[in-house]
Amino acid sequence: GAKIRDNGGNNAQISGTISMNIAAGAKVKVNSYNGYTDYNVVINGGTPSEQQSGTEYSFTVEEDSVVSFVCGGNNYFYSIEVTF
């Protein structure tokens, strides 16, 4: 459901939802462009996180999960890193 566009710079402009399966114990780190970011994180279809708009957000996945990044408007992500 995500729409990804090249903005002509060194990042991707994204709207919609990005979902991925992530194993328990993995650390997830999102790097984004300040002022051009608004997304929520939803784990296993649960309650969305607070709206994220800063340059960095990270969390650890407690159990095998489907992690979704629900993007409003146009988001500029540098990266979504998953470390096991």
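## A partly exposed tyrosine

Tyr36 has a relative accessibility of 47%, so it counts as partly exposed. Please keep in mind as you look that this is a predicted model. You can find Tyr36 in the loop that runs between β3 (27-32) and β4 (39-43).

Together with Tyr33 and Tyr78, Tyr36 makes a nonpolar surface patch of about 330 Å². Tyr33 is partly exposed as well, because its relative accessibility is 36%.

## The tyrosine cluster

Seven aromatic pairs turn up in a search of the whole structure. One of them joins Tyr33 and Tyr76 in an edge-to-face arrangement, with 6.4 Å from centre to centre and 70° between the planes. Tyr33 sits in the loop between β3 and β4 while Tyr76 belongs to strand β6, so this pair ties together parts that are 43 residues apart in sequence. Ring pairs also link Tyr33, Tyr36, Tyr76 and Tyr78 into a cluster.

Is Tyr76 buried or exposed? Its relative accessibility is 15%, and the limit for buried is under 20%, so Tyr76 counts as buried.

Thr37 is found in the loop between β3 and β4. With a relative accessible area of 7%, Thr37 is buried. Not counting residues up to four places away in sequence, Thr37 touches Ser32, Gln52, Ser53, Gly54, Asn75, Tyr76 and Phe77.

In soluble globular proteins, nonpolar side chains tend to be buried together. Here, the largest nonpolar core has 14 residues, and Tyr39, Val67 and Phe69 are those with the most contacts inside it. The elements giving two or more residues to this core are β2 (12-22), β3, β4 and β6 (65-83). Its largest share, four residues, comes from β6.

Which residues does Val67 contact, leaving aside its neighbours within four places in sequence? They are Ile18, Ser19, Met20, Ile22, Val41, Val42, Ile43, Phe59 and Val61.

## Val41 and its surroundings

Val41, one of the contacts of Val67, is found in strand β4. Val41 counts as buried because its relative accessibility is 6%. Although Val41 and Val67 are 26 residues apart along the chain, their C-alpha atoms are separated by 7.0 Å.

Leaving aside neighbours within four places in sequence, Val41 is in contact with Thr47, Pro48, Ser49, Tyr57, Phe59, Val67, Ser68 and Phe69.

## One salt bridge

How many salt bridges does a search of the whole structure find? It finds one. Glu56 forms a salt bridge with Lys29, and the closest N and O atoms are 3.6 Å apart. Glu56 is in strand β5 (residues 56-60) and Lys29 in strand β3, and the pair links distant parts of the chain, 27 residues apart. Lys29 has a relative accessibility of 26%, so it counts as partly exposed.

## The loop between β4 and β5

Asn44 lies in the loop between β4 and β5. Its phi is near 55°, a positive value in a residue other than glycine. Asn44 counts as partly exposed because its relative accessibility is 40%.

Gly45 is found in the loop between β4 and β5 too. At 68% relative accessibility, Gly45 counts as exposed. Gly45 and Val30 are 15 residues apart in sequence, with 19 Å between their C-alpha atoms.

## After the last stop on β6

To finish, look at Phe84, which lies in the segment after β6. Is Phe84 buried or exposed? With 70% relative accessibility, Phe84 counts as exposed.

Leaving aside its neighbours within four places in sequence, Phe84 is in contact with Ala23 and Ala26. From Phe84 to Thr60 the distance is 9.8 Å, C-alpha to C-alpha, and the two residues are 24 residues apart in sequence.

Technical notes:
Residues numbered from 1 in each chain as written. Predicted model: local features only at pLDDT ≥ 70, side-chain atom pairs only at ≥ 80, totals over all residues. Heavy atoms only, no water. Patch = residues over 30% accessible without salt bridge, like charges linked within 9 Å, V, L, I, M, F, W, Y side chains within 5 Å. Areas by Shrake-Rupley, 256 points an atom, 1.4 Å probe, with all protein chains shown as cover. Salt bridge = Lys/Arg side-chain N within 4 Å of Asp/Glu carboxyl O. Buried < 20%, exposed > 50% of the residue type's maximum accessible area, 1.4 Å probe, protein only. Core = buried A, V, L, I, M, F, W, Y, C linked by side-chain atoms within 4.5 Å. Contact = heavy atoms within 4.5 Å. Phe/Tyr/Trp six-rings, centres within 6.5 Å; stacked < 30°, edge-to-face > 60°.
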